Amino acid sequence: MRGLERRDVMLLVIVAVMTLFAPIILNPFPANSAMAQFNAGYPDLMQRFVIFGIFAIGFNILFGLTGYLSFGHAAFLGVGSYSAVWMFKLLGFNIIPAILLSVVVAGLFSVVIGYISLRRSGIYFSILTLAFAQMSFALAYSVLGNPALINLTNGETGLQVYPSDPQVLHGASAPNVTNLFGLEMRQTCEVKLGGTASGLSGCDTHMLPGAFGETFWAFDFNAGYYVCAVLMLIVFYLSIRIFRSPFGMMLRAVKSNQQRLNYTGLNPRPYTLAAFVISGMYAGLAGGLMASMDPLAGAERMQWTASGEVVLMTILGGAGTLIGPVLGAGFIKYFENIFSKINDGVLHSWFAFMPEGLENLFVTLLHPFVGKGWHLTLGILFMLVVIFLPGGLVEGGQRIGRFAFRRRNRKGGEAEAEAARKQPAE
Amino acid sequence: MSTSRFTRRGVLRTGAIASAGLALPTYLRAEAHTGFTNAPGDSEVVLGFNVPQTGPYADEGADELRAFELAVEHLNGEGDGGMLNTFSEKNLDGTGILGRRVNFVTGDTQTKSDAARASARSMIEKDGAIMISGGSSSGVAVAVQGLCQEAGVIFMAGLTHSNDTTGKDRKANGFRHFFNAYMSAAALAPVLQNLYGTDRNAYHLTADYNWGWTQQESIAAATEAMGWETVNNVLTPLAETDFSAYIAPVLSSGADVLVLNHYGGNMVNSLTNAVQFGLREAQANGKKFEIVVPLYSELMARGAGQNIKGIPGSQNWDWKLENEMGERYVGTNAFVQSFGEKYGFPPSQAAHTCYVQTLLYADAVTRAGSFNPCAVVEALEGFEFDGMGNGPTLYRAGDHQCFKDVVVVRGKENPENEFDLVEIVEVTPTEQVTYEPDHPMFDGGDLGECNPGA
């Protein structure tokens, strides 16, 4: 395939297959069983997986390759979202102009922030980007959201589309939700497998757990998810090309020893700025897609916690590796959405087979780790990964692979892992 | 509960259902699974309770969740029935909703619009929730309300006090039982006039976000109408914890009243700072300096401790309402008793509004005879009820806002226990807090059409 080595083609194909069949892979448990709690194959979460995957892939181009740790990437995500919603308000619900504008605006915004922040490296760079992101958050939250002044962001309430908005390109027959030339993003077709009446149960209805007495699987094929998935595959391919290009090599050189690069007469700043802008545009794309799947942009998207989240995703998955950030994004989003919904009632139903006292004991023991305690579980796992698998989930996968095949992969994988281990610049 | 009586409505409904059942024996099953989003099966119905379990409003969220659990218990015929016994409609008999057992899922809004929408979407898409309720911030309520409108499920708002929820952001599928900033101001103004007179200069400190702005706008308009002057309005960042710098210039500004348009931790901190600066003992313009906190809650009063004594504000409901203000607020004691028996302390106003909203939804479905959101909207619009602790209440069709009496309270001088921190000054009757749906502070909104989804 174009400009890719065999190994990368394999990786791309695996990722493509995984994303295309995600609705099936993520719903391994029958829809009306107790384990259905752990199914993640519903449209909203699948969309989040790939959107945050894009965000983390972009972040990894900056952090994984150059070692510059940006703590303000959420600002680009937010700017992308706001631009997309403004396109919905002004032009109409087609997502193409929204996504284009979100990438362009995030790109311009990252040129400005990158130009200033990249004058410093290491911790000073991180603090500068953090400061810019918090400034953007404060602007979006109150200054630019005050109806008395100019209302660009609608403040705490979040920017959304009202029936009174102009929407000049909105045709009479066009659907009143975000769409791609008429294909509604929320359109979901459900396939039922097992039990009576297997097959396509329709694209308009949603079957319910408990609606039927028998065991069956339900898979949701959502239009919006596939739009996001295709875009993710494209930007994933782009990121492989960047990783393998001479430009990528220059970025790695910045990471391994910037001083030496300076002495050889090369100016690293254009390279780092380019990497910064590219990753900013990735974040803008992710923000635009988020708004396209759900046309509301809130200021919290820009808060420092959101910036920290993408750092966690990248490190958890494996900074500097190709697939790591996507895995990390999926991992964190899974915990946020699945574990936070396990409440005491669910726990009691799991342990209902036990004697009363034992049941209550188990529920009490597990209680701090689920529901509102999902942060705690995630934190423990994050610590375990960082301590025992410094290369992230990817290293875990490699170790398992090595153990299974009893041979060391001495070729490409080592060099990549080597680069990932290097400390950031300075 | 088990007495069988023929009512006109009951006969009509039974007749209609029976004839429909006879006429369409084959289509009925197919119909049950189409026509609207998440049509429930024959045995159970799922409600989604989306409350902040982490973040600044986690206390309110925890109390809301308790109330939801209690409401589901009562709907399913467990416990003592609570307000089902006092509610003016007698359709709910403890057999769930339309014969289906009520089940619920919970989620964490984190007090962020994004997280709240993600959580609500997973309830709708994954768990098949037919109604979403909860939330304890206006930004979240507006965001989730918009989502429910698009997805075609009903949203029963929890604690949300901004004018915009049923103002410029109102939606056909969304309903609010809680009162709003305008009502707070309208109820407070006459009380402030009695307490402090008509010749006052007010200095506003306002939380710099949507709710703060509408609260400030409302209270400034109401107090100016009775002759007060607004000296200054200073916006404070939401994340601020030390308000000394904002309090210091107040005394020299010529103001003699300080209005704190703050909520939660903000209010606790700013009030504490104001007391530390000696504002409560100060004299200005020959009068005693006063502090006003327009939106009150028991949780905030507990946080502020001694400093809250004597400071006036408004509430949607208070657990002592029936005891102190009489029969009109029947339902209050029934709810306080079953809540107290289950959890060991009296409920907050956030818990009350969430409990009532759940029962109102269940009742609307029963009256409509269908879970179809459009039928529910029709049943709730213009619905008048009583016995839910607030006296006679109207769900107005024009903007889906409840109209009922507003409680004006004051920090108690000598609290008897840790739950008895506020005393009721008076209850402002509904007529005084009613406004037109196109009032300037609420204008620009459009309910749109009810959306049943698929």
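## A walk through a two-chain model

Let's start on one strand: B:Asn201, B:Tyr203, B:Leu205 and B:Ala207 point one way from β6(B), B:Ala202, B:His204 and B:Thr206 point the other way, and all are buried. "Buried" means under 20% relative accessible area, while exposed is over 50% and partly exposed lies in between (1.4 Å probe, protein chains only). In a regular strand the side chains alternate between the two faces of the sheet. Helices (H or I, at least four residues) and strands (E, at least two) are DSSP runs, numbered from the N terminus.

Before going on, a note on the model: it is predicted, so local features need pLDDT of at least 70 and side-chain atom pairs count only at pLDDT 80 or more, whereas totals for chains, interfaces and linings use all residues. Residues are numbered from 1 along each chain as its sequence is written, chains are lettered from A and ligands numbered from 1 in the order in which they are written, and side-chain values use heavy atoms, with hydrogens and water left out.

Back to β6(B), which covers residues 201-207 and has seven of its seven residues buried. Seven bridges join β6(B) to β7 (residues 229-236) of chain B, and the two run parallel. Two strands count as paired if DSSP finds at least two bridges between them. At B:Ala207, the bridge partner in β7(B) is B:Thr236.

Chain B also has an open sheet of five strands, in the order β2-β1-β3-β4-β5, with parallel pairing. Here β2 (101-108) and β5 (174-176) of chain B stand at the edges with a single partner strand each, so one side of each has no neighbour in the sheet. On average, neighbouring strands in this sheet are turned by 20° against each other, direction ignored. Look at β4 (residues 154-157) of chain B: three bridges join β4 to β5(B), and they run parallel. B:Ala157 stands opposite B:Arg176 in β5(B). Across β4 and β5 of chain B lies helix α14 (residues 373-380), running at about 40° to β4(B). For such angles, axes are lines fitted to C-alpha atoms, for helices over the stretch in contact, and angles run from 0 to 180 degrees between N-to-C directions.

Now step back to the domains of chain B: domain 1 (8-179 + 324-399) and domain 2 (182-315 + 407-433). Their bounds come from an automatic or database domain assignment. The C-alpha centres of domain 1 and domain 2 of chain B lie 32 Å apart. Their contact takes 19 residues from domain 1 and 21 residues from domain 2 of chain B; contact means heavy atoms within 4.5 Å.

What about the nonpolar core? That is a set of buried Ala, Val, Leu, Ile, Met, Phe, Trp, Tyr and Cys residues joined through side-chain atoms within 4.5 Å. The largest one has 218 residues, and B:Ile97, B:Met156, B:Leu258, B:Leu360, B:Tyr361 and B:Tyr395 touch the most other members. Helix α3 (residues 43-66) of chain A gives this core its largest share, 15 residues. Among the residues that B:Tyr361 touches are B:Ile97, B:Met156 and B:Phe371.

Finally, chain A has 17 helices and seven strands, and 54% of its 426 residues count as buried. One example is A:Ala306, in helix α11 (residues 304-317) of chain A. A:Ala306 counts as buried because its relative accessibility is 15%. The C-alpha atoms of A:Ala306 and A:Gly78 are 9.8 Å apart, although 228 residues separate them along the chain.

Technical notes: Lists of a residue's contacts leave out its neighbours within four places in sequence.
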